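My entries follow the model.

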Amino acid sequence: MSKKSEFLPSRRGLLKATATTAAAVALASRGGSALAASPPAVDLKSYAPVSFDADEWRFLLAACDRLIPDDDTGPGALAANVPVFIDRQMSGDFGHARDWYMKGPFAKDASPLLGYQSPLTPAEVYHLGIKDADAYCRDTFGKPFAELAPEQRDQVLAGLDKGELKLPNVDGKAFFTFLLQNTKEGFFADPIHGGNKHMIGWAMLGFPGARGAYLEWVDQDNVPYPLGPVSLSGERR
Amino acid sequence: MARTEKPVDIVLIGLGWTNSIIGMELADTGLTMVALERGENRDTVPDFAYPRMIDELTYGVRYKLMLPPAQNTVTMRHDPSGTALPYRSLGSFLPGIGVGGAGVHWNGHTWRPEEVEMRLKSYVTETFGAKTIPEGMAIQDYPVSYDELEPYFDQFEKMAGISGKAGNINGQIQPGGNPFEGPRSSEYPNPPLKGTYNCRLFEKAASEMGFHPFPLPAANASQAYTNPYGMTLGPCNYCGFCERFGCINYSKSSPQTCILPALKKKSNFSIRTKCEVIRIDLDKDKTRATGVTYVDEHGEEVFQPADLVISGAYSYHNVRLLMLSGIGEIYDPAKKTGTLGRNYAYQMTGGYSLFFKDKTFNPFVGTGSNAVSMMDYGVGQIDFGKEGFIGGSIITSAQYNGQPIRSLDLPAGSPAWGSGWKKAAHEWYGHSMSIASHGSNMSYDTCYFDLDPTYTDAYGQPLLRMTFDWKPNDIRMTQFMKAKIEPIAKSLSPDSLKASFKTENSHYDLRPYQTTHNVGGAIMGADPKTSVLNRYLQTWDVHNVFVMGASAFPQNLQFNPTGLVGALTYWAARAIREDYLKDPRPLVQA
């Protein structure tokens, strides 16, 4: 259908990029210092999470692997280091709801139209959600979530997604909503945040990342953009 | 006990578009001015510099240029009998913070209202009869006409370097522009932006059906431009990071690119950041302001004496500040008393997504106002008597950005996760365009602001409470637009078409982003019984307090509000400079 079946841009395309986009040139020239300032992409197998314990981490990897699997379309959430992204988000402003209004009283049966009304931070929702979902899996299948077959994991995730699988200590649907949203964020956010390793997510779509200059492309109707993505720290593919 | 600062002549609350204009327009009086801004200082460099700024997660998804609800928010309920709950995490609208305000992170759509929108109640009554206005609708005329404001629209557009094509210059219809717009005294200061593929497809389809498409007026410069303040914009490079971001390229009009560096050179103007005004202080008789009280970055309470107070906070923050200060009487719909807080209105939007297997749009090639619009179903072009509603919309095909977290649009029925989602994302990213309606929202007796009885801010002051829901009139309007857009969309023969319009079962949903076009609450009018401000944006009750911004709108336009906000600010600035300062008094006798 388009250029996207080829994840790597052609050499010809890259040369053209260097000639035509000021942004790419600027990136290349400052790439060194930006790279030094950002942590290099880590190896998921040896990564030591800061926001999750070992059981939670196994759950998270097993869930991300089903939400964005490695399949015929291309590499998935684990190849993209999505769990690393989520781990970092949980230890930052988002995980602790630092920007949110978290003063009580908290309504128990609020209309969903009024938005998030739980006293739990996203990090707390993850901890409770993983614990409860794992307990459910042990009761139902005799194993924790991470040891289930892919189809069983899909069944559990679908149950949470549809609100059919009720958890005792947390709203299962709210837990799933965070998990799915953060997984997609980790697949598509700039690699500077820990996921989207080597811009796997962007290459799947054909999104050029931080190139930031497309004036020459405005009036090229129905012509696929030929260049691969660049990241904020200057990585290219 | 609050520390007292050295008195100034004029204190400005907030430093976004409106108070940047006020500062510039009053600077030559020589009067001392201090702007109090609760957020940080922000400049293009270093704060918006490439590449750090074009980070979708940080600014587009985690909202790091916005006012965090932890610092201040509103509560919300759907009707006056309900219990309001706090807007805890951002969704439907995104109030700004920091120097430049929402002028930093807007998309740049810069419209003038239609002439009839400025005298809506009179127009409806004269043309369709008073019975056309349903029970409970609270629409009013603006106390100033399009013709009176024309020079000030012109002034705002030239300051902001708007790129567009005039449709009506002094009554002469111009080819390629919007033939339904009010007469303009001159062409736009810059030619229109060149549009992307979707713009050409929509323009052709709409023209072939007899409509009148034109380039959307853009605050994204189409060429290098120096404005009357000596500030220079550079041509937009379509980086695709406009709305929710500061401009990396000096191309989007903002207080930073159009005003502030010139204003900062004025020796009688100063800025204090991280200073949050918590009230306007009044004298014993409550007829005159003596200054404002703010909390500085160290948490110390400070009294700033001033002879003139100009509130230029974000729309509903103006309303709350007046309430906390005891200026005006808070509206009560049950007792039908008070005016402060009444006529809150929002914006009615809807749209179609069109998916094409064989068309590639490169959606990351975009800018905030890269769009073609038509106003054939605008407020002044619809027979309200026949159609059974009051209102109208602009219909637009735009391409703003291709950011994958927030702008990945998939056909209806696509899975939300798993291999099915991945396959759909891979196949359809870059293969869709939209045709959307952006419409008016009328004001109603039961849509209003007051103070929340339960929830408070960090200083223990009550949060503002919003009472709002969609009403049948506005649902009928958006369903009318759906019926009108559908044939245009189908004429382009998409492989898949997805509709998103509110229906009779829709209630206002705070979660998905809609618009940051919250208007009303401190409305302008001809009569103090039905308004808070007179025609010069001066409060009826306290003559040395003026209030800028869309809080003055008695109902919402079919347009993005900034064009009218800018014109009203220039209009008020002139009245202050040339009339009020010479003889401080109520400029309109009640």
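I count two strands as paired if DSSP finds at least two bridges between them. The model is predicted.

**Sheet.** I looked up the strand order in chain B. I found an open sheet of six strands, β8-β16-β17-β18-β15-β21 (chain B), with antiparallel pairing. β8 (214-215) and β21 (496-500) of chain B stand at the edges. Each has a single partner strand, so one side of each is left without a neighbour in the sheet.

I then took one pair. β17 (residues 393-398) and β18 (residues 432-439) of chain B are antiparallel, joined over four bridges. Opposite I394(B) I found H438(B) in β18(B).

Next I checked what lies across these strands. Helix α8 (residues 197-208) of chain B lies across β16 (371-374), β17 and β18 of chain B. I read its angle to β16(B) as about 20 degrees.

**P462(B).** I placed this residue in strand β20 (residues 462-467) of chain B. Leaving out residues up to four places away in sequence, P462(B) touches L451(B), D452(B) and T456(B). R42(B) is 420 residues from P462(B) in sequence and 29 Å away, C-alpha to C-alpha.

**Contact of chains A and B.** I looked up both sides: 56 residues come from chain B and 56 residues from chain A. On the side of chain B, α14(B) gives the largest share, seven residues. Elements giving two or more residues there include α8 and β19 (448-456) of chain B. By class, I noted 27 nonpolar, 15 polar and 14 charged residues on the side of chain B that touches chain A.

Methods: Residues numbered from 1 in each chain as written. Chains lettered and ligands numbered in written order. Predicted model: local features only at pLDDT ≥ 70, side-chain atom pairs only at ≥ 80, totals over all residues. Contact = placed C-beta atoms within 7 Å. Axes fitted to C-alpha atoms, helices over the stretch in contact; angles between N-to-C directions. Nonpolar A, V, L, I, M, F, W, Y, C, P; charged D, E, K, R; others polar.
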